[in-house]
Amino acid sequence: MKKSIKVFLSICIIYSAVWWVTSVVVKDNLNSQIDKLKNKGYKISYEGFDVSGFPFNFGITLKNPYVSRQVPEYFLFKTEGEMCASLSWWSYLTTDGALS
């Protein structure tokens with residue numbers, strides 16, 4: 001009985017560590033994508049963002065984002081408020097892509 005509890009706790013600790021490392025990768029990828037959009041002419045700012053959803057999902061919430069792109073003759077788009085995205089382990093198995 002004690003051995004099975006130790007095995008279970010070990011699995012929980014390893015899974016938690018993997019989730020945390022993956023959340024750091026998600027944050028880095030978000031920053032990389034934002035930099036790519038800025039290089040394409042988008043104006044992007046936000047107060048911060050959180051990654052949540054442990055244990056089975058990754059929820060990304062941007063706090064007070066501002067996204068705009070000025071095209072010479074017209075204003076393409078603008079958004080303010082809160083933006084959220086959800087990512088789960090099994091969403092990679094769908095044909096629609098990672099964000100479903």
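I begin with a definition: a residue is called buried under 20% relative accessible area, exposed over 50%, and partly exposed in between, with a 1.4 Å probe and protein chains only. This is a predicted model, in which local features need pLDDT of at least 70 and side-chain atom pairs count only at pLDDT 80 or more, while totals for chains, interfaces and linings use all residues. Residues are numbered from 1 along each chain as its sequence is written, and side-chain values use heavy atoms, with hydrogens and water left out.

With that definition, Phe8 counts as exposed, because its relative accessibility is 54%. Phe8 lies in helix H1. Together with Met1, Ile5 and Leu9, Phe8 forms a nonpolar surface patch with about 480 Å² of accessible area. Such patches take residues with over 30% relative accessible area and no salt bridge; like charges are joined within 9 Å, and nonpolar side chains (Val, Leu, Ile, Met, Phe, Trp, Tyr) within 5 Å. A salt bridge here is a side-chain nitrogen of Lys or Arg within 4 Å of a carboxyl oxygen of Asp or Glu. Areas come from the Shrake-Rupley method with a 1.4 Å probe, and for residues only the protein chains shown count as cover.

Now the fold. The protein has one helix and four strands, in the order α-β-β-β-β from the N terminus. Helices (H or I, at least four residues) and strands (E, at least two) are DSSP runs, numbered from the N terminus. H1 covers residues 2-39 and reaches 56 Å from first to last C-alpha, close to the 56 Å expected at 1.5 Å a residue; the expected span is 1.5 Å times one less than the number of residues.

Which residues of H1 are buried? They are Trp19, Ser23, Val26, Leu30 and Ile34. An α-helix has 3.6 residues a turn, so residues three or four places apart point the same way. Ser23 has a relative accessible area of 5%. Beyond its neighbours within four places in sequence, Ser23 is in contact (heavy atoms within 4.5 Å) with Val51 and Phe58.

Finally, confidence. pLDDT is the predictor's confidence in each residue, from 0 to 100. Its mean for the protein is 76. Confidence is highest in H1, at 90, and lowest in strand E4 (residues 74-88), at a mean of 56. Over residues 95-100, pLDDT stays under 50. Where pLDDT is low, the predicted coordinates should not be read in detail.
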